[in-house]
Amino acid sequence: MLSNLPEEVLYQILSNLDYKSLSRLSQVCRTIHQFVNRDAVWRKIAKELLNTGITRHGRDIYPHVPLKERVKMSQNWYNGVCKIAITLKWKIKLLPWLQLDGDALFLSQAAEIGAYHLRQDRGGRHTRNLVAVFSGHRGDVCRFTLTDSHLISGGSDGKILVHNRRGHGRVELLGHNQEVNCLDARGGLIVSGSRDRTARIWTSSSTVPRDTVALYDRVWSVAISPALSSFVTGTACCENFSPLRVWDVE
């Protein structure tokens, strides 16, 4: 019986099999299945494939994900079939900001953000249905972000609009005097960055900034940590200041 062999002998035998043979072997019985699923069995194969998390020097950068699953994903990418379908099309050559939330696509077009419900018809073709429009900016929408209940947008007019996704009005946040290039929102906290060389911290219960951080350079990106204890700013690096900084929220 294969399962009665010493482990070192079994490892040696399995090292000569490809990923398809290993997958079939794992279906023989429960004992063999448990042994074949070990990372040590799949390491040699994983080293030879792309995007499995095994570096050229053999270091595993994703140890929390089983190697068998990573080999499977790598093969799916390598052998996958890609289908391209045009969902939305318009004549204006406009660079939009977009975000997909489940089967809903949010897409900025000039001063408005449209919410489209995406689905497939019986023929397998993608169709879209406009279900909501979020407006209120006097200029182009530069960036927006989504939470479970709100859509928060920043515009070239310097305003930040907090839209209720269920259509129950919006709140206007005033503070920046130039376009709002970046936004992030998490847990009732909003951080924005602007060409006016400041980052501002807002709370969901106030329409004025809680804090303003002077950065002496245009702010192009912000990100709040999952723990809500800090946030990161990225600037244009046009001045003699560090372009990436981590700030304590408090």
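Contact here means heavy atoms within 4.5 Å. The structure shown is a predicted model, in which local features need pLDDT of at least 70 and side-chain atom pairs count only at pLDDT 80 or more, while totals for chains, interfaces and linings use all residues. Residues are numbered from 1 along each chain as its sequence is written, and side-chain values use heavy atoms, with hydrogens and water left out.

The protein chain contains five helices and 15 strands; these are DSSP runs numbered from the N terminus, helices being H or I with at least four residues and strands E with at least two. With a radius of gyration of 25 Å, well over the 18 Å that the globule rule gives for 250 residues, the chain is more spread out than a compact globule. That radius is taken over C-alpha atoms, and the rule is 2.2 Å times the number of residues to the power 0.38. Along the principal axes, the C-alpha atoms fill a box of roughly 75 × 50 × 35 Å. Of the contacts between residues at least 6 apart in sequence, 33% join residues at least 24 apart.

Surface and interior may be considered next. The protein chain exposes about 15,900 Å², of which carbon and sulfur atoms supply 52%; accessible areas come from the Shrake-Rupley method with a 1.4 Å probe, and for residues only the protein chains shown count as cover. Buried residues make up 34% of the 250 residues, where buried means under 20% relative accessible area, exposed over 50%, and partly exposed in between (1.4 Å probe, protein chains only).

An example of a buried residue is Thr145, which has a relative accessible area of 10%. Thr145 belongs to strand S5, residues 141–146. Apart from its neighbours within four places in sequence, Thr145 is in contact with Gln99, His150, Leu151, Ile152, Leu183, Asp184 and Ala185.

Arg197, although not a glycine, has a positive phi of about 70°. Arg197 sits in the loop between strand S10 (189–194) and strand S11 (198–203), and its relative accessibility of 38% makes it partly exposed. Leu228, likewise a residue other than glycine, has a positive phi near 65°. The loop that holds Leu228 runs between strand S13 (219–224) and strand S14 (230–235); at 31% relative accessibility, Leu228 counts as partly exposed.

The account ends towards the start of the chain. Leu2 lies in the segment before helix H1 (7–14) and, at 32% relative accessibility, is partly exposed.
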